[in-house]
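Visitor: Hi, I'm new to this one. Could you put it up and walk me through it?

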Amino acid sequence: MRRNIYDSQCAAKINLRKILQRIVDKEPPERAETDGGLYVGASGISYAFLRLAEHNLLKAETDKHLSLAEHYLRSSLAMVQRHGTRSGTGFLLGDWGILAVGAVLATVQGDEKTASEFVKRYIATGVRCKEVNFLKCGSDEFFVGRAGYLYGALWLNHTMKKVVVPLDTMHEIARTIVVSGQMYARVHNSPCPLMYAYYGTEYLGAAHGLCAILQVLIQVPSFLDNNADINSTVRTCVDYLLSLQMTSGNFPCAMDEIDCSGRSLRDNDNELVHWCHGAPGVIYMMAAAYLRWKDQRYLNSCILTGDLVWRKGLLRKGPGICHGVAGNGYVFLLLFRLTGDELHLYRAAKFADFMNSPQFQSDARIPDSPYSLYEGIAGTACFLADLIEPDKAYFPFQDVF
């Protein structure tokens with residue numbers, strides 16, 4: 001097994017360089033799409049190069065990757081500057097994510113003044129999060145809502161190695177998430193004490209749903225420690241989601257897919273096994289819950305997810321991390337870090353190998369944004385880099401360790 005893993009890691013390093021060159025050739029900075037934020041825009045490609053610049057085993061190319069990160073971010077930062085004080089909210093689909101990447105890039109380059117300016121802007125525009133219903137579509141999820149803001153704050157504080165977004169601010173926004181979820185759950189008679197809707201749908205997955213919201217509430221430093229009632233409420237919600245896990249290992253995508261007995265209305269042939277909707281996204285919340293409460297049930301849930309992804313995770317939808325093979329490969333890298341079991345690293349390596357196979361190259365769908373972070377090969381590059389250094393691997397913006 002170790003030999004197979006080593007061979008796959010060597011192949012991943014070769015493929016990583018090819019992928020990065022393809023991004024630069026096919027989607028050069030001057031032509032990269034500004035709209036779409038971190039999710040499918042140029043700023044997401046910038047994030048990928050920034051991350052690779054800090055990779056321990058790619059030190060020889062650090063300067064090149066930093067330069068590319070800067071070039072890919074320029075157009076997005078210019079757009080944010082045009083917005084002025086009316087910056088668009090949203091982490092994956094708005095200005096918050098662009099400002100966060102700009103702050104970290106400036107820090108790495110030694111430009112503390114620019115980094116400070118971006119952080120101040122991040123904090124100032126995040127004030128809107130304190131309004132319970134600041135967005136009509138739903139104010140709490142990952143892409144444009146409060147959860148995304150908090151994920152960004154966690155990433156900023158971690159990567160900049162100091163508290164730049166104050167914990168008091170993060171706690172206030174986290175409390176607003178709880179209040180919002182309680183209000184919605186009461187009005188709609190939800191079986192879960194916290195519930196949220198995005199464009200009228202009560203999603204459960206990582207992209208727009210309950211699990212990503214619960215995960216960030218668990219991960220905000222000292223938030224649950226300071227409030228026993230909220231700690232109990234969040235854990236009750238985690239247990240509710242756990243009760244929805246199917247024998248296959250998957251989770252329903254939304255509450256409208258659950259019958260009166262709590263079972264999914266989707267059949268096994270119609271499951272969504274993606275980061276955005278399904279177990280490959282819920283696993284990060286379960287891992288965070290396990291690390292906090294040390295309840296074996298949560299780790300068992302993660303392992304069940306891994307078995308599901310091994311059976312059904314080689315998706316035709318492409319190589320991306322949102323709903324593609326690389327995103328599902330990250331499940332195994334998470335499990336490897338959680339358990340130390342090399343079986344999971346072997347499985348991650350096999351998913352990397354599959355993306356380079358003739359079958360995948362000919363049969364997989366080309367994403368709408370083929371070079372982007374979440375739909376395209378910029379995210380694949382992050383996965384391959386993490387496969388090379390699995391002890392530090394983490395899905396973008398969702399490091400639970």
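Guide: Let's start with a term: on a 1 Å grid over the protein atoms alone, a cavity is a set of points where a 1.4 Å probe fits but cannot get out, and lining residues have an atom within 4 Å of a point. Points are joined across faces, edges and corners, and volume is the space filled by probe spheres set on them. This is a predicted model, where local features need pLDDT of at least 70 and side-chain atom pairs count only at pLDDT 80 or more, while totals for chains, interfaces and linings use all residues. Residues are numbered from 1 along each chain, and side-chain values use heavy atoms, without hydrogens and water.

Visitor: What volume does the largest cavity have?

Guide: About 60 Å³. The structure has four cavities of 30 Å³ or more.

Visitor: And what lines the largest one?

Guide: Its lining includes Tyr284, Leu333 and Phe401.

Visitor: New topic: which residues does the UniProt "binding site" annotation cover?

Guide: The unreviewed entry lists Cys276, Cys322 and His323. They gather at one spot, because no two of their C-alpha atoms are more than 6.4 Å apart, though they span 48 residues in sequence. Such annotations may be inferred rather than shown by experiment.

Visitor: Is Cys276 buried or exposed?

Guide: Cys276 is buried, at 7% relative accessibility. Buried means under 20% relative accessible area, with a 1.4 Å probe and protein chains only.

Visitor: What about His323, buried or exposed?

Guide: His323 is buried too, at 16%. Beyond its neighbours within four places in sequence, His323 is in contact (heavy atoms within 4.5 Å) with residues including Cys276, Arg365 and Glu375.

Notes
On a 1 Å grid over the protein atoms alone, a cavity is a set of points where a 1.4 Å probe fits but cannot get out, and a pocket is an open set with protein on both sides within 12 Å along at least five of seven lines; lining residues have an atom within 4 Å of a point. Buried means under 20% relative accessible area, exposed over 50%, partly exposed in between (1.4 Å probe, protein chains only).
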